[in-house]
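Here is a short note for a colleague who is opening this structure for the first time. Please keep the sequence and the model in view while reading the points.

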Amino acid sequence: MARRAGLLITLVIVAQMAGQVSAQGQTPGRGNGRAAPPAGAAAGRGRGYDPRPPADPAQVERGKGLYGVQCTFCHGADARGGEGGPNLVRSGVVLNDISGELIAPVLRNGRPELGMPKFDLTPAQMSDVTAFLHTFRATGRDTLRNPIPNILVGDAKAGQVYFTAKCSSCHSVTGDLKGLASKFSDPKALQQRWLMPGGGRGAATASPKTVTVTVSPSQKFEGRLDRIDDFTVTLIETDGTSRTFIRKGSTPAVEVHDPLRPHKDLLPVYTDKDIHNVTAYLATVK
Amino acid sequence: MKNIKELLFVTALALGSELASGQGLDPSALLKPLSDSWPTYSGDYSGKRYSALTQINQSNIKNLGLVWTSRITAGLGNAGGGRGGGFGGGAAAAPTIIGGEGTGELNESGPGSRSSRIVSSILEVDGKLYFSTPDNAWAADARDGHILWHFVWKTKGGTHTGNRGMGMWGNRLFLETPDNFLVCLDATTGKELWHKMLAPLSQQYFSTNSPIVIGNHVLVGLGNDLDSPAFLTSYDPETGEIQWRWYATPQDASDPALKTWANLTAAKFGGGHMWIPGSYDPETHLYIIGTGNPTPAYTSKSRGEGDNLYTCTLVAINVDTGKLAWYFQTSPHDTHDWDSTQTPVLVDAPFNGRQRKLVITATRNGFFYTLDRVTGEHLVTGKFSPTANWDQGLDGKGQPVRNPAKDFDIAGALVSPTNAGATNWMPPTFSPDTGLFYVTTEDSYAMYYLTDTDPRGSMGLGGKEEQGTGSLGTFLTAMDYKTGKIAWRHQYPEAGAWGGTNVGHALLTTAGKLLMGGDPGGNVVAYDPANGAILWHAQLGGVSGPVQTYMLDGKQYILVSAVDSLYAFALN
């Protein structure tokens with residue numbers, strides 16, 4: 001049992017770390033490294049919001065047992081609300097409690113006006129229940145609670161028709177895409193990959209952009225695009241030579257070739273159904 | 001006008017001793033259009049970020065050159081700025097003043113930390129600059145950038161995303177800290193006068209905002225990514241006592257907005273945090289500010305089918321009473337965490353043949369609005385991001401009608417914009433010379449997957465997975481307030497997506513016929529506001545904060561924050 005509890009806590013920590021995405025957060029710009037977590041921050045505890053020291057896994061496991069017996073019916077196995085009882089994870093009492101000082105009186109006295117009975121628990125047991133409640137994270141992604149639903153809902157036949165019409169001028173399931181689906185255990189990853197190879201918001205690309213810089217009719221340079229803004233353009237020639245040109249308006253002429261352009265051009269065109277159908281089709285390409 | 005004069009008179013009396021000694025900011029200076037100094041977040045109350053200064057202008061900007069640069073060192077383990085300390089022979093280190101209720105273990109430092117990244121607006125008052133990052137504040141000499149003092153707050157935690165700047169009243173500065181304290185500093189010494197807790201950290205509040213000083217009110221908004229009640233609070237600048245508090249969502253059954261929610265509990269914990277400053281109209285005493293997203297942000301069933309007022313709404317709050325005067329919802333029943341907190345811009349300009357008092361805003365969901373700022377009457381809606389695909393057109397009030405099929409899908413819904421938005425918190429600018437509103441934007445797509453099929457939904461930002469699928473471009477976009485149409489836009493060449501919620505850059509316009517801002521290539525650039533033609537640039541390696549301007553000893557400066565450094569330019 002102790003081993004299982006340890007595993008559970010590890011999973012919770014991983015889920016918590018994965019969920020550390022802030023709506024109002026701002027990631028430092030490209031080229032600026034993110035700070036390492038401060039040494040004092042308890043790992044995975046929702047950075048800077050949880051003042052509680054990490055709990056003893058054995059205590060959490062005892063609390064889990066007690067909670068299952070005494071509390072689950074009303075408050076739910078995941079503490080997010082059950083038959084009549086409110087969500088405890090967002091409860092002010094639970095959020096503000098450090099080590100039982102707010103939770104224990106509620107357990108001891110109940111909340112008769114709200115239909116909550118008193119609980120005859122020892123102080124040690126109350127402390128165990130409290131420790132268990134504090135293992136739930138209020139925000140962020142909780143993969144323990146939310147098993148990933150199956151996204152393969154499309155019509156593979158319709159997807160094949162769409163693929164033939166829109167994709168086959170560049171791609172073939174017997175050529176470059178041969179065995180595509182066998183490379184992905186997660187259909188979501190397959191879907192993201194075919195929508196935009198290289199992923200992300202188009203920042204990274206599978207095949208690099210190339211550029212042609214025409215200095216004069218007799219002087220043309222071509223290579224992989226290394227860097228461009230309104231003022232300079234840098235390309236890397238096939239032999240590795242790096243060349244930088246100063247840009248002034250349209251001089252020299254700069255033409256960028258983006259191999260992902262057809263993928264980008266389709267983004268405003270797809271319906272969600274098209275996407276799901278193509279994914280269902282490509283999932284058969286094993 | 002009478003009321004504001006009385007208010008300012010009372011304030012002036014209270015400030016008597018400080019102002020008599022020639023120190024500090026006279027609150028009436030805040031009523032003037034942006035010119036020599038920069039005494040509040042947007043430079044003046046209008047949010048236009050349009051400076052009347054003309055010494056630097058289109059004809060001479062080619063002669064703009066670097067005057068000074070100054071580097072900060074955030075955190076507890078240092079004394080002052082980049083010039084202090086070090087090996088012998090340097091200038092004496094600036095004093096470091098330490099405050100705070102934490103242990104210091106959670107404070108960030110080092111060049112990559114968010115406390116070393118300046119995104120704040122920088123105050124310029126009486127030849128001194130005042131600026132801040134999470135847990136840190138500095139004063140610097142505006143003539144040569146040397147650091148005068150450094151204040152560090154030992155934090156107890158909270159989300160350390162950024163800090164938007166400080167407010168000033170007399171010789172006092174007001175700083176919000178990530179662990180939710182309002183800290184009042186002596187502007188001369190950087191020493192703490194008092195601090196007040198704004199909200200409990202245990203409820204996952206965090207504070208990044210710049211306090212706004214209006215008369216004897218210090219207006220403070222917070223952030224929260226759970227679902228804790230959202231409020232704007234007015235504090236007394238002398239004592240830190242609460243004067244009034246306005247909640248963004250109904251907190252009791254008497255609130256008429258309650259009918260837009262499933263029930264009172266959903267409304268109470270319905271979000272709407274005001275984490276970016278608003279703008280102020282001294283004539284009507286209205287503080288006009290955008291509210292944040294409703295919560296739960298994505299799994300919205302528990303909120304009911306209604307509009308969820310007053311989340312994602314432009315609201316006008318009377319600063320004397322803290323009461324709502326009018327509202328216009330810019331994103332009814334938002335389902336993508338697209339806050340409408342973007343700074344609104346107050347403009348007096350012709351509209352349909354007569355001069356109107358307008359408010360203009362471009363919100364994170366890709367839509368652009370012009371309203372009457374006295375009454376809230378809707379005048380114009382447009383799209384500044386042509387790819388935005390989550391709506392089914394406009395309703396009779398000029399509000400976009402959301403398409404529920406584009407909320408999310410278990411198998412994924414392709415939605416534009418991404419969660420980061422078509423724009424985000426970076427301040428826009430408006431030039432009366434061109435009549436155009438400028439904002440940095442992105443046309444981007446993401447797949448939104450529903451991951452929580454539990455009918456109870458998820459709290460906060462949970463319950464979905466968002467995966468980016470591509471950016472079709474990032475832009476400097478000029479909008480026509482009369483039509484809601486794009487006047488022109490300049491695409492940043494081959495630029496990838498902006499990072500995080502840093503969608504674009506804070507902008508500046510001036511009467512010298514200049515439009516300035518950072519670009520994704522790390523340049524600070526001056527454009528012709530009429531057409532976006534490039535006039536001047538300097539490569540700084542990364543522009544992180546607003547471009548600002550001030551005039552000192554007859555010399556106009558252009559001030560740029562680039563990560564951990566300030567750069568000041570002037571004519572050679």
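Helices (H or I, at least four residues) and strands (E, at least two) are DSSP runs, numbered from the N terminus. This is a predicted model, in which local features need pLDDT of at least 70, side-chain atom pairs count only at pLDDT 80 or more, and totals for chains, interfaces and linings use all residues. Residues are numbered from 1 along each chain as its sequence is written, while chains are lettered from A and ligands numbered from 1 in the order in which they are written.

1. Ala79(A) and its phi. Ala79(A) sits in the loop between helix H3 (72-75) and H4 of chain A. Its phi is near 65°, a positive value in a residue other than glycine. Most residues other than glycine have a negative phi, and most peptide bonds are trans. A residue is buried if 20 or more other C-beta atoms lie within 10 Å of its own, exposed if 12 or fewer, and partly exposed in between; C-beta atoms are placed from the backbone. Ala79(A) counts as buried because it has 22 C-beta neighbours inside 10 Å.

2. Asn352(B) is not a glycine, yet its phi is positive, about 50°. The residue belongs to the loop between strand S22 (345-351) and strand S23 (354-362) of chain B. Is Asn352(B) buried or exposed? Asn352(B) is exposed, because it has 7 other C-beta atoms within 10 Å.

3. Two cis peptide bonds. In chain A, Thr251(A) and Pro252(A) are joined by a cis peptide bond with omega of about -10°. Pro252(A) lies in the loop between strand S4 (242-246) and strand S5 (253-257) of chain A. In chain B, a cis peptide bond links Thr295(B) to Pro296(B), with omega of about -5°. Pro296(B) is in the loop between strand S19 (286-290) and strand S20 (313-318) of chain B.

4. Chain A overall. Chain A has ten helices and five strands. Of its 286 residues, 28% count as buried. Two residues are in contact if their C-beta atoms, placed from the backbone, lie within 7 Å. Among contacts in chain A with a separation of 6 or more, 61% come from residues 24 or more positions apart.

5. Domains of chain A. Domain bounds come from an automatic or database domain assignment. For chain A this gives domain 1 (1-16 + 52-147), domain 2 (157-203 + 270-282) and domain 3 (210-258). The C-alpha centres of domain 2 and domain 3 of chain A are 32 Å apart.

6. H2 against H6. Axes are lines fitted to C-alpha atoms, for helices over the stretch in contact, and angles run from 0 to 180 degrees between N-to-C directions. Helix H2 (residues 57-70) and helix H6 (residues 123-133) of chain A pack at about 95°, with axes 7 Å apart. That makes H2(A) roughly perpendicular to H6(A). Angles under 35 degrees count as roughly parallel, over 145 as roughly antiparallel, 65 to 115 as roughly perpendicular and the rest as oblique. On the H2(A) side, the meeting residues include Val60(A), Leu66(A) and Tyr67(A); on the H6(A) side, they include Val129(A) and Phe132(A).

7. Cover on H6 and H8. The buried residues of H6(A) include Met126(A), Val129(A) and Leu133(A). They pack against H2, helix H4 (92-96) and helix H5 (103-109) of chain A. Helix H8 (residues 187-195) of chain A is mostly covered, with seven of its nine residues buried. Among them are Leu190(A), Trp194(A) and Leu195(A). Their cover includes helix H10 (272-282) of chain A, along with S30 and strand S31 (464-480) of chain B.

8. The cores. A nonpolar core is a set of buried Ala, Val, Leu, Ile, Met, Phe, Trp, Tyr and Cys residues joined through C-beta atoms within 7 Å. The largest has 169 residues, and Tyr130(B), Met168(B) and Met516(B) touch the most other members. Strand S30 (residues 436-450) of chain B gives the largest share of this core, ten residues. Apart from it lies another core of 18 residues, including Tyr67(A) and Ala131(A).

9. Thr510(B). Thr510(B) lies in strand S33 (residues 508-510) of chain B. Thr510(B) counts as buried because 28 C-beta neighbours are inside 10 Å. Not counting residues up to four places away in sequence, Thr510(B) touches Tyr50(B), Ser51(B), Leu53(B) and Thr549(B).
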